[in-house]
Amino acid sequence: MPMNAAILRELEALLGAEGVLSKPTDLLMYEYDGSVEEARPEVVVFPSSTEQVVGIVQLAARHQVPLVGRGAGTGLSGGALARQGGILTVFARMNRILEIDTENQRAVVQPGVVNLDLSRAVDHAGLFFAPDPSSQKSCTIGGNVAENAGGPHTLLYGVTTNHVLGLQLVLPSGEVVGIGGKTVDTPGYDLNGLFVGSEGTLAMVTEITVRLLRKPEAVKTLLAIYETADDATQTVVEITGRGITPAACEMLDGWTLRAVEAFAHAGFPLDSAAVLLIEVDGLRETVEAQARDIEEVCKLCRAREVRRARDDRERELLWKGRKNAFGAVGRLSPSYYVQDGVIPRTRLPETLRKIDDICRRYNIEVGNIFHAGDGNLHPMLLFDLRSKEQFDNVVRAANEIMAYCISVGGSITGEHGVGMEKNELMPLLFSEADLALMRRVRDTFNPTGLLNPAKLFPSTKGCGEIRVQPLVQPGAGAPAAAGAARPA
Amino acid sequence: MSLSDAALVKLEALAGPENFSAEWEEVVQYDIDGETPSAVVTPPAVEALAEMVRVAAEARLALVPAGEKTKLDFGGIPDRYDVAVRTAALNRVLAYDPGDLTLSVEAGINLAELQKRLAEHKQFLPLDPPFAPRGTIGGILAANSSGPLRHGYGTARDFTLGLEFVSEEGTRARSGGRVVKNVAGYDLHKLMIGALGSLGIITVANFRTFPQPPASATLGASFLGREGALALRRAIAESPLQPRALEVVSPRMARLLNLPNVMAPGREFPEGQWSLLMAAAGHAQVVQRHSFDFRGMAEAAGAAGWFNLEGAPETALWQRVANAPYEMATISEADTVMKITALPAAYGPLLDALERAAEEKQMSAGMLIRGPGVVHLTLTPDESHQPAVPRLAAACHAVFDAAARAGGRALIERCPTELKRAVSIWGPPRQDLALMQQVKRTFDPRSIFSPGRFLAGI
């Protein structure tokens with residue numbers, strides 16, 4: 001649907017012609033995010049300052065058009081899609097690191113700064129930014145804040161909310177407000193805690209103050225190789241139960257590691273049923289003791305072999321395999337549907353068997369890749385979008401997996417967010433009273449509902465039949481990076 | 001019978017007579033700054049509590065939740081105060097999965113009791129707030145109370161997985177969950193933590209638990225001047241060491257902690273000594289490494305003496321550290337405790353300004369500088385013909401200014417009631433006050449939860 005010409009003229013006056021995209025061929029690029037359901041914006045804008053964001057927000061309010069923020073478009077729950085059209089605000093031009101304060105271990109960044117770029121910028125001072133989503137080479141810190149993003153190393157270091165100290169907000173009214181600050185414990189309610197992870201439904205964020213951590217003195221990366229997936233999940237249960245907290249503890253099942261190996265040549269053994277990629281970091285002494293304890297547990301749980309990465313190159317190769325797994329799977333299947341369920345870690349072995357059972361019953365091929373250490377599961381259900389039957393089966397299987405996660409006391413999303421993917425599942429997790437209070441909070445800050453509409457909350461009130469539209473993962477040549485592209 | 005009297009009768013019926021008291025001897029124990037409630041209720045279960053809140057809200061009765069009453073004097077003077085709601089009967093462990101390191105408890109449970117339960121599985125909650133071993137989970141969360149361990153483990157917001165609470169409508173609401181990673185829905189529990197009971201009454205808290213480290217030790221060093229202690233703090237912060245607690249202690253605070261005797265039993269502890277305390281934990285080799293490196297860094301910073309503590313004396317010392325600022329405030333009624341957040345790079349000028357503020361108004365200052373940028377300051381007015389409260393008020397204003405200049409904030413945690421009438425204990429208003437007020441109106445439109453006690457009269 002083309003945007004009202006008057007609004008377009010106003011946007012061009014505000015941002016210049018080079019800051020506004022409205023041709024259908026250009027908009028096509030922005031109807032996807034990291035996964036894909038289509039939702040085409042009516043116009044895409046590229047502000048380069050907080051003042052311009054204020055102008056956009058005021059304009060949207062004046063004309064009563066929906067407004068959605070977007071970083072690099074790598075999100076996996078449809079958070080950055082303009083579900084009801086309107087203006088899509090891409091923060092690609094607000095990508096400056098405004099301040100690096102090494103002594104106090106703080107940085108102030110604009111929302112469009114790429115996650116890994118911040119760690120690179122402070123590397124010389126021996127510091128890093130801890131949240132490390134697999135998409136960290138392209139995803140933005142603004143997007144991380146909106147979704148409260150995680151990553152493999154959040155097992156030890158926590159998710160985005162544990163590292164954000166202050167935000168500059170542009171409220172739907174156009175008012176600019178700073179919350180939190182550079183110091184800890186600012187008096188009053190923990191507004192950072194509310195806004196981080198609010199999926200762009202409460203305000204636009206234009207500046208972010210984060211905590212930087214000191215890089216560990218030593219890092220060791222282990223690869224434990226198993227004949228059965230059960231032995232691998234049992235290892236995770238045992239490591240957790242013994243109170244060992246590695247920095248990361250990732251599991252890839254046989255199917256997934258073979259897909260990855262063909263692509264990344266990371267050295268994953270093709271004949272194994274599962275591998276655990278475990279990393280420990282900290283003081284040399286801590287790392288040595290933990291690595292020894294972990295090796296012992298792996299052996300006890302019948303690991304065929306435990307390898308230690310000999311140097312940084314080997315370590316990076318193993319991580320390349322892990323972090324590019326989704327891309328690798330994309331080469332093998334026309335489409336796949338990634339889940340983000342969370343379960344108590346003691347339930348890992350039975351949950352993996354359950355996922356297997358469900359997928360077998362629906363005749364669906366599945367690859368499993370888990371942030372096993374914190375019980376966060378990413379099963380990838382493979383299908384061909386051209387087959388209606390396969391598609392329907394994937395939806396049913398996914399719902400059964402989610403229902404199982406909830407039944408053992410888990411959650412429907414550990415780090416990808418609810419967005420427009422799982423909003424209809426929210427009543428399975430929260431009562432009407434819980435959701436009513438959350439809605440009241442949304443209506444307080446976003447009274448017109450124009451900010452990222454039709455996300456996070458279920459569209460219907462009752463807990464009747466749940467209908468879920470999965471976000472379909474495209475195959476090879478995924479347009480995931482489309483959002484990062486800038487207009488000519 | 002007035003509306004509120006009728007509501008009190010209903011509350012008594014809901015609670016049962018044995019869980020309700022309007023006797024003076026009982027209600028006076030819940031006095032806050034001279035304001036005394038009409039009744040004290042102890043809801044026997046969460047359902048009853050929810051119903052009571054509904055009844056109270058309809059009659060606009062003001063409720064103040066209370067655990068062990070250790071922090072009732074935190075916050076502002078209540079605008080209205082009808083009923084103290086005790087969480088004492090809500091004290092069960094609802095679920096504990098040691099293998100998953102997760103825990104779900106009711107809010108009235110005593111922290112020390114809970115720690116004992118966790119210790120059976122060699123686990124613990126890294127909460128070491130003041131007033132141990134008293135204090136309930138609900139009260140600690142409501143005040144966002146923390147202690148020295150926050151340096152290594154963060155504060156409650158970092159390991160609370162979810163909360164249940166009774167909302168102003170009298171319904172049970174929940175956010176977060178019970179698994180260690182979860183981003184479904186708004187994190188309303190983060191708003192509840194530190195809200196001083198102004199948004200609802202916390203009933204259940206879910207936490208991640210932590211393994212007890214196999215070994216620990218505390219290293220201490222003393223310095224003739226402040227610069228040495230701050231230099232050592234900075235050296236440790238910039239080293240690869242990962243202490244679980246790190247504190248710089250002023251001379252006056254050191255005496256309260258009995259550091260002179262710990263440092264050098266039977267020997268002279270010169271006036272004006274500043275100290276630094278560091279706690280290390282982990283495998284034995286890790287603790288040894290901390291010890292070894294600490295000694296090198298302390299020497300380089302010009303330490304006049306050092307010590308190493310383990311076992312029971314170590315535990316006792318850290319309990320004193322957690323309590324010190326508040327204990328000092330019980331020595332004299334006029335004592336005032338402030339909490340200042342600041343950036344470590346600004347510690348030097350900030351501490352100068354704090355000392356000057358105290359000196360100019362004839363008072364003694366004690367300071368405890370906690371790892372991640374928190375300074376606990378106690379102000380004790382010296383004997384003087386001048387009345388204490390105006391002097392305290394002037395000193396507090398000077399502290400607010402000094403904190404702002406150091407890029408931080410200050411607030412008054414505990415002080416005489418008269419000082420609360422003279423100074424805004426939360427410091428100068430910030431630009432996000434309007435957002436805070438909106439949060440309050442959203443959760444508590446009839447203003448029944450602890451009215452007046454939170455930020456700027458919320």
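Which residue takes a positive phi just after helix 14 of chain B? The answer is given in the first legend below, and all the views are drawn from a predicted model.

**Figure 1. Helix 14 of chain B and its surroundings.**
Helix 14 of chain B runs over residues 347-360, a stretch of 14 residues. From its first C-alpha to its last, this helix reaches 20 Å, close to the 20 Å expected at 1.5 Å a residue. Its buried residues are Y347(B), G348(B), L350(B), L351(B), A353(B), L354(B), A357(B) and A358(B). Just after the helix comes Q362(B), with a positive phi of about 50°.

**Figure 2. Helix 3 of chain B.**
Helix 3 of chain B consists of 13 residues, numbered 46-58. The distance from its first C-alpha to its last is 19 Å, close to the 18 Å expected at 1.5 Å a residue. Among the buried residues of this helix are V46(B), L49(B), M52(B), V53(B) and V55(B). The alanines A48(B), A50(B), A56(B) and A57(B) are buried as well. R60(B) follows the helix and has a positive phi, near 60°.

**Figure 3. The interface between chain B and chain A.**
The size of an interface is often given as the accessible area lost when the parts come together. For chain B and chain A this buried area is about 6400 Å², with 57% of it on carbon and sulfur atoms. In chain B, K181(B), V183(B) and Y186(B) lose the most area to chain A, together 15% of what that side buries. Contact involves 72 residues of chain B and 82 residues of chain A. Between the two chains there are 27 residue pairs in polar contact. Several elements of chain B give two or more residues to the side that touches chain A, including strand 9 (172-176), helix 9 (226-237), helix 12 (284-300) and helix 17 (433-443). Helix 17 of chain B gives the most to this side, with seven residues. The residues of this side of chain B divide into 32 nonpolar, 19 polar and 21 charged.

**Figure 4. Salt bridges that cross between the chains.**
Side chains of opposite charge can pair when their charged atoms come close. Between chain B and chain A the count is 11 salt bridges. One of them joins the side chains of E415(A) and K181(B), at 2.8 Å from N to O. E415(A) lies in the loop between helix 14 (388-407) and helix 15 (426-429) of chain A, and K181(B) lies in the loop between strand 9 and helix 8 of chain B, so the pair joins two chains. Both E415(A) and K181(B) are buried. Salt bridges that share partners join E217(A), R284(A), E285(A), R289(B) and D293(B) into one network. Within it, the side chains of E217(A) and R289(B) meet at 2.6 Å, N to O. A further salt bridge is formed by the side chains of E103(A) and R234(B), at 3.2 Å from N to O. This pair also crosses between chains, from the loop between strand 5 (97-101) and strand 6 (106-109) of chain A to helix 9 of chain B. E103(A) is partly exposed at 26% relative accessibility, and R234(B) is partly exposed at 36%.

**Figure 5. A salt bridge within chain A.**
E31(A) forms a salt bridge with R40(A), and their closest N and O atoms are 2.7 Å apart. E31(A) counts as buried because its relative accessibility is 4%, whereas R40(A), with a relative accessible area of 40%, is partly exposed.

L377(A) is placed in strand 18 (residues 376-383) of chain A. L377(A) counts as buried because its relative accessibility is 1%. Its contacts beyond four places in sequence include Q339(A), I343(A), L348(A), I355(A), F370(A) and C405(A). D374(A) is found in the loop between strand 17 (366-371) and strand 18 of chain A. D374(A) is also buried, with a relative accessible area of 5%. Among its contacts beyond four places in sequence are T154(A), L155(A) and R345(A), together with V180(B) and K181(B) of chain B.

Technical notes:
Residues are numbered from 1 along each chain as its sequence is written. Chains are lettered from A and ligands numbered from 1 in the order in which they are written. This is a predicted model: local features need pLDDT of at least 70, side-chain atom pairs count only at pLDDT 80 or more; totals for chains, interfaces and linings use all residues. Side-chain values use heavy atoms; hydrogens and water are left out. Helices (H or I, at least four residues) and strands (E, at least two) are DSSP runs, numbered from the N terminus. The expected span of a helix is 1.5 Å times one less than its number of residues. Buried means under 20% relative accessible area, exposed over 50%, partly exposed in between (1.4 Å probe, protein chains only). Contact means heavy atoms within 4.5 Å. Buried area is the accessible area (1.4 Å probe) that two parts lose on being put together, summed over both. A salt bridge is a side-chain nitrogen of Lys or Arg within 4 Å of a carboxyl oxygen of Asp or Glu. A polar contact is a pair of N or O atoms within 3.5 Å; within protein, one must be able to donate a hydrogen and the other to accept it, and residues adjacent in sequence count only if both atoms are side-chain atoms. Ala, Val, Leu, Ile, Met, Phe, Trp, Tyr, Cys and Pro count as nonpolar, Asp, Glu, Lys and Arg as charged, and the others, Gly among them, as polar.
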